[in-house]
There are 4 protein chains.
Amino acid sequence: MSSPLRFALLGTGRIGQVHAASIHRSEDAVLAVASDVFIAGAERTVAQYGGRATSDPLEAIAADDVDAVIIASPTPTHVDLLSAALEAGKPALCEKPIDLDITRVDEIRDRARDAKAPIVLGFNRRFDPHFAELRRRVQAGEIGPLEHLAITSRDPEPPPAEYVAVSGGIFRDMAIHDFDMARSFVPDIVAVTAVGLRQFDSGISGAGDFDAAVTTLLGSRGESIVITNSRHSAYGYDQRLEAFGPGGLLEVPNVTPTLVRASGSTSSSTGEPYRRFFLERYKDAYELELAAFVATIRGESAMQTTSPGFEDGRAALLLADAAEISAREGRTVPVDLT
Amino acid sequence: MSSPLRFALLGTGRIGQVHAASIHRSEDAVLAVASDVFIAGAERTVAQYGGRATSDPLEAIAADDVDAVIIASPTPTHVDLLSAALEAGKPALCEKPIDLDITRVDEIRDRARDAKAPIVLGFNRRFDPHFAELRRRVQAGEIGPLEHLAITSRDPEPPPAEYVAVSGGIFRDMAIHDFDMARSFVPDIVAVTAVGLRQFDSGISGAGDFDAAVTTLLGSRGESIVITNSRHSAYGYDQRLEAFGPGGLLEVPNVTPTLVRASGSTSSSTGEPYRRFFLERYKDAYELELAAFVATIRGESAMQTTSPGFEDGRAALLLADAAEISAREGRTVPVDLT
Amino acid sequence: MSSPLRFALLGTGRIGQVHAASIHRSEDAVLAVASDVFIAGAERTVAQYGGRATSDPLEAIAADDVDAVIIASPTPTHVDLLSAALEAGKPALCEKPIDLDITRVDEIRDRARDAKAPIVLGFNRRFDPHFAELRRRVQAGEIGPLEHLAITSRDPEPPPAEYVAVSGGIFRDMAIHDFDMARSFVPDIVAVTAVGLRQFDSGISGAGDFDAAVTTLLGSRGESIVITNSRHSAYGYDQRLEAFGPGGLLEVPNVTPTLVRASGSTSSSTGEPYRRFFLERYKDAYELELAAFVATIRGESAMQTTSPGFEDGRAALLLADAAEISAREGRTVPVDLT
Amino acid sequence: MSSPLRFALLGTGRIGQVHAASIHRSEDAVLAVASDVFIAGAERTVAQYGGRATSDPLEAIAADDVDAVIIASPTPTHVDLLSAALEAGKPALCEKPIDLDITRVDEIRDRARDAKAPIVLGFNRRFDPHFAELRRRVQAGEIGPLEHLAITSRDPEPPPAEYVAVSGGIFRDMAIHDFDMARSFVPDIVAVTAVGLRQFDSGISGAGDFDAAVTTLLGSRGESIVITNSRHSAYGYDQRLEAFGPGGLLEVPNVTPTLVRASGSTSSSTGEPYRRFFLERYKDAYELELAAFVATIRGESAMQTTSPGFEDGRAALLLADAAEISAREGRTVPVDLT
């Protein structure tokens with residue numbers, strides 16, 4: 001049994017807490033340092049999970065007792081912290097997006113490609129056990145060559161207006177997860193056709209953004225992917241997949257907290273509302289994402305293929321940019337992700 | 001194409017109307033005569049579906065333009081009308097039960113066995129397309145030799161007190177359908193263990209009857225059948241089957257009017273309440289029962305095996321009698337159905 | 001009780017047989033005349049269902065003993081037979097499409113609008129009990145104002161090459177049903193964005209047509225409708241609906257022949273393949289379509305609103321034409337259906 | 001935040017490993033000592049999860065650095081180790097059954113009742129999130145007073161013949177979990193009617209045991225509980241609940257590893273086989289069982305009520321004894337659990 005990897009966790013907000021809990025539950029990881037510019041957050045985290053606290057992420061990255069880094073700080077800091085990890089030669093798991101601006105992403109592209117230590121992007125949904133099993137069966141040929149993928153992705157409710165204003169818009173902020181999910185099935189996307197929608201939230205519309213969207217991606221072998229997004233969903237987080245090929249259909253429906261079903265005088269076989277949001281829906285995915293990161297660092301190949309890398313982070317952003325243009329100009333936009 | 005069979009319908013109450021409509025929709029049957037001691041009912045029926053009306057069932061049975069008879073009159077008349085059909089050499093479909101008293105049934109047993117024309121019992125549930133397909137797959141060996149059958153059978157609500165008083169009790173009146181269903185899978189039942197329950201209806205309890213029951217039948221090859229009955233069910237008519245064998249499980253869930261499902265803020269994937277009662281739930285079964293009766297008369301063997309006969313009607317009553325004794329005496333009761 | 005309406009059935013091919021059987025099973029309709037240029041087909045039909053045979057549809061339309069007409073002959077004859085029915089002042093149910101060429105449709109548009117007798121289009125799917133119930137609940141406001149509709153529509157297998165050649169293409173031949181379904185929810189469509197696909201059938205591609213397509217419609221209130229089409233589907237006829245609004249989701253899944261489910265050593269809760277094709281899937285819809293046509297003729301308003309008319313047939317063709325242009329030119333196409 | 005409780009784990013076989021992993025994943029527990037007469041097993045366990053190893057369980061129970069004990073050793077040692085825990089005044093979680101012989105159980109009954117530290121029985125299924133949620137909703141009155149409970153409980157395959165020989169028989173070894181589940185809904189059982197079955201395993205039959213059984217329990221308020229057991233199940237571990245009352249039905253179906261569903265040319269909507277056996281099916285339940293034990297020890301009342309105690313272990317054994325008699329003698333057996 002190898003000794004556990006020692007992690008520096010950069011950022012101890014909501015998503016940082018998810019990673020801290022995953023590290024605790026893993027037998028292969030321990031928390032060495034938690035860093036946050038708000039030092040109190042870092043201190044609360046290490047009180048619960050062990051390790052030491054710092055307000056300086058660069059110190060944490062460079063520390064001798066740190067084997068690997070998780071970047072869970074605000075988006076504008078990602079490129080700089082990734083740079084520091086590259087510099088230190090430390091493996092890094094970076095939350096998405098790398099940046100909202102493709103030019104900033106491209107500034108470190110070459111160094112990321114040449115890095116010895118793995119750079120992994122936090123597209124955690126790839127590790128969802130349901131989606132991962134569906135993908136495994138598609139790749140095993142169960143339905144023949146994939147022809148069509150339908151991704152339904154609706155958040156329970158819109159983010160606050162102040163967040164929307166700096167979010168980069170529905171395609172870069174929300175659909176970017178779905179673009180990566182699409183690429184985990186069809187890496188080579190050649191065209192994007194998006195319809196932006198203004199259906200229910202005048203604040204979002206007023207800010208020039210869309211509150212819903214339908215995006216059709218075209219793969220280089222003629223595959224189609226339809227992504228249906230909305231910023232609200234009364235019944236909980238709506239996260240579904242359908243994969244279609246000549247041999248049939250594979251589906252993942254939504255997840256309920258338990259399997260209890262009720263029948264009464266006005267209805268039959270009623271399930272609970274779906275899991276509320278990503279913390280509940282993708283809890284297992286975060287743990288598996290960490291396990292895959294550890295496996296990648298250790299060179300254990302079994303899981304390595306499914307860890308998305310820097311280029312995946314860049315491609316998702318390129319697709320978001322193309323979707324934005326397509327929706328605004330009413331035309332199909334060709335893309336080149338290479 | 002053969003010309004349609006000409007039917008006499010004896011009794012034009014609720015169940016008689018079901019048969020009249022089935023005859024209308026069939027391409028192989030026409031209504032020649034409808035009889036009812038309340039002549040107005042017979043007249044309304046022929047105004048809608050054709051044929052002539054009479055108040056005399058014996059005249060209808062004997063009529064030259066009648067090829068076959070459906071006995072849908074009150075239970076106490078069944079034995080006499082069956083006798084008349086046997087006398088006339090006419091095929092007869094008799095609603096269940098033959099009689100509530102096994103001695104009356106046994107009075108015509110020999111003549112029924114020797115009859116040239118088919119005598120068919122109205123255990124319509126055998127023809128339900130869902131149950132029939134499950135049975136076909138069991139008999140085709142899909143799950144290996146049947147080990148266990150679970151029958152859930154709950155009425156939406158208790159019958160009126162005056163009906164309960166003359167019904168013969170929960171086993172003879174209600175569970176008798178389930179005993180026949182059990183025998184359509186395991187004809188040779190050797191023991192009955194019943195638990196009678198008084199759960200919610202003081203009127204039924206006060207009359208000395210049970211409002212719910214759990215009955216375990218044992219087949220001659222060690223098969224078990226559990227029948228769960230209740231006189232009420234908030235979510236509609238509860239009619240389900242599970243068949244278990246070494247190769248797996250086959251199930252029929254309840255039927256909803258349509259397949260629409262709803263998800264909202266308090267629930268997910270909610271179906272409609274199940275079909276209300278037997279007229280809605282078993283509409284198709286009544287049409288298929290008629291088709292099988294026609295096929296039986298014409299000697300078309302494909303469907304013949306599934307039409308229950310006089311002996312099936314008698315066996316179901318014997319099981320009901322045994323269940324009653326078992327429930328009252330708290331002991332397993334052996335039975336001999338031969 | 002009104003006396004049954006007397007029908008002339010024009011065309012006794014596959015779809016004509018469906019209508020003949022619906023007429024037989026209805027208590028409100030009788031077959032007076034069946035016409036077919038292949039007289040043998042008409043004769044077989046009347047031998048089974050009654051009425052007289054003719055090879056002359058115009059004679060059938062004009063006959064005194066004919067109250068209403070069903071046009072089930074090949075598409076190129078539709079406009080002429082509709083004209084004759086308009087001339088005779090007889091109600092007509094015309095199979096879709098009115099014609100493949102919008103100019104021919106527009107030639108009789110004014111006369112159709114001014115007709116006294118109802119002209120009804122054979123968009124039978126509107127009458128599917130599952131879809132109709134979903135629509136009723138949307139219109140009753142259960143999920144609030146409709147925001148998104150997803151229509152999945154895949155045929156089990158491609159038609160023969162010779163048929164494809166004259167079919168008008170996937171949008172006019174196949175998706176036209178889905179365009180009408182979309183309009184039964186959102187009548188006022190203002191833009192069409194279609195992606196045509198060539199995924200599996202080189203014959204169809206070689207003929208310049210698409211074998212699959214994804215079409216996004218935009219309603220005048222910002223509603224989105226996504227239609228996913230394919231010319232093949234291994235698991236049977238794939239016909240599903242999802243309606244989404246602020247209050248939640250309503251869905252209709254596919255239909256299996258029975259509800260039997262199986263669990264074995266390699267799988268759990270396995271259903272039968274879905275109903276094979278439209279004759280099985282939409283059998284009830286054809287009967288209800290006829291019932292609504294009868295109700296429309298008799299002026300019974302309850303069902304009248306759901307019978308699609310001439311303008312609906314024209315609108316569906318306009319949407320198909322727009323989708324074709326959108327797919328070929330890679331741009332959103334505005335439409336005006338008024 | 002309280003400091004974690006320090007555990008002694010007695011027994012490091014299959015079920016001991018489950019508890020060791022639960023302790024590791026908990027933020028409220030640490031492993032202080034693992035004991036096993038096979039010292040190598042204890043040593044492997046502490047190498048993975050921390051703590052020290054011993055071959056002497058009594059030393060572990062008495063150790064100063066041990067706050068609580070988990071008894072996961074073979075059944076014949078349970079009473080002695082429980083006695084030692086009672087002696088030491090340490091809280092103990094004891095795997096079921098307390099013993100196969102009710103007289104041995106009764107020897108320590110008084111001391112268990114008077115114990116200051118909590119004694120908890122390892123009926124882990126009570127903590128299954130699905131079953132617990134169903135029970136919570138029943139107790140909240142959602143379906144009114146419980147009338148009927150159906151428990152389906154089938155193991156994937158029979159245990160080895162040598163195990164069956166010392167298992168105590170199907171009722172004491174296997175159904176005992178179901179008796180406790182029944183009592184978690186209806187504590188006061190007054191009668192047992194069991195039918196023992198010999199359906200497929202001649203080894204089990206040859207040893208005088210049953211390989212399947214149907215048991216009907218009667219509650220003091222007329223409630224009925226049906227337990228369906230089999231020693232095999234082709235489709236995985238079959239663990240289901242149905243609760244019925246005047247207000248409707250609550251159900252928990254079986255659990256699949258993921259929610260992926262497949263449709264192909266021979267089937268639709270096919271799920272994966274159910275979770276294989278108790279380690280997979282009840283993994284969460286073991287973690288929650290530990291959490292409830294910790295909460296019980298700390299006097300946090302929220303979860304305390306659902307931790308089964310010594311009397312629950314005794315009652316389940318009494319029901320198993322009664323079922324055995326009922327099945328062998330073909331009669332209903334009254335029971336008094338007080």
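In chain C, helix 10 and helix 15 cross in a right-handed way. Right-handed here means that the near helix is turned clockwise from the far one by less than a right angle, and left-handed means anticlockwise. This is a predicted model: local features need pLDDT of at least 70, side-chain atom pairs count only at pLDDT 80 or more, and totals for chains, interfaces and linings use all residues. Residues are numbered from 1 along each chain as its sequence is written, while chains are lettered from A and ligands numbered from 1 in the order in which they are written.

**The helix pair in chain C**

- Helix 10 covers residues 175–185 of chain C, and helix 15 covers residues 310–329. Helices are DSSP runs (H or I, at least four residues) and strands are runs of E (at least two), numbered from the N terminus.
- The two helices pack at an angle of about 120°, with their axes 9 Å apart. Axes are lines fitted to C-alpha atoms, for helices over the stretch in contact, and angles run from 0 to 180 degrees between N-to-C directions.
- Helix 10 of chain C brings Ala175(C), Ile176(C), Phe179(C), Asp180(C) and Arg183(C) to the meeting. Among their partners in helix 15 of chain C are Asp312(C), Leu317(C) and Ala323(C). Contact means that C-beta atoms, placed from the backbone, lie within 7 Å.
- The residues of this contact are 9 nonpolar, no polar and 3 charged. Ala, Val, Leu, Ile, Met, Phe, Trp, Tyr, Cys and Pro count as nonpolar, Asp, Glu, Lys and Arg as charged, and the others, Gly among them, as polar.

**Helix 15 in chain D**

- Helix 15 of chain D has 20 residues, which at 1.5 Å a residue should span 28 Å. The expected span is 1.5 Å times one less than the number of residues. The end C-alpha atoms are 29 Å apart, which agrees.
- In helix 15 of chain D, 15 of the 20 residues are buried. Buried means 20 or more other C-beta atoms within 10 Å of the residue's own, exposed means 12 or fewer, and partly exposed lies in between; C-beta atoms are placed from the backbone.
- Gly330(D) follows the helix, with a positive phi near 65°.

**Gly51 in chain D**

- Gly51(D) sits in the loop between helix 2 (39–49) and strand 3 (52–54) of chain D.
- Gly51(D) counts as buried because it has 24 C-beta neighbours inside 10 Å.
- Val33(D) is 18 residues away along the chain, yet its C-alpha is 5.2 Å from that of Gly51(D).
- Leaving out residues up to four places away in sequence, Gly51(D) touches Leu31(D), Ala32(D), Val33(D), Ala34(D) and Val46(D).

**Chains D and C**

- Copies are superposed by least squares on the C-alpha atoms of residues with pLDDT of at least 70 in both.
- The contact joins 16 residues of chain D to 16 residues of chain C.
- Strand 14 of chain D gives the most to its side, with 4 residues.
- The side of chain D has 4 nonpolar, 11 polar and 1 charged residues.

**Chains C and A**

- Chain C is superposed on chain A by a rotation of 180° with 0.0 Å of shift (RMSD 0.0 Å).
- Arg331(C) has the C-alpha nearest this axis in chain C, 2.1 Å from it.

Notes:
Two residues are in contact if their C-beta atoms, placed from the backbone, lie within 7 Å.
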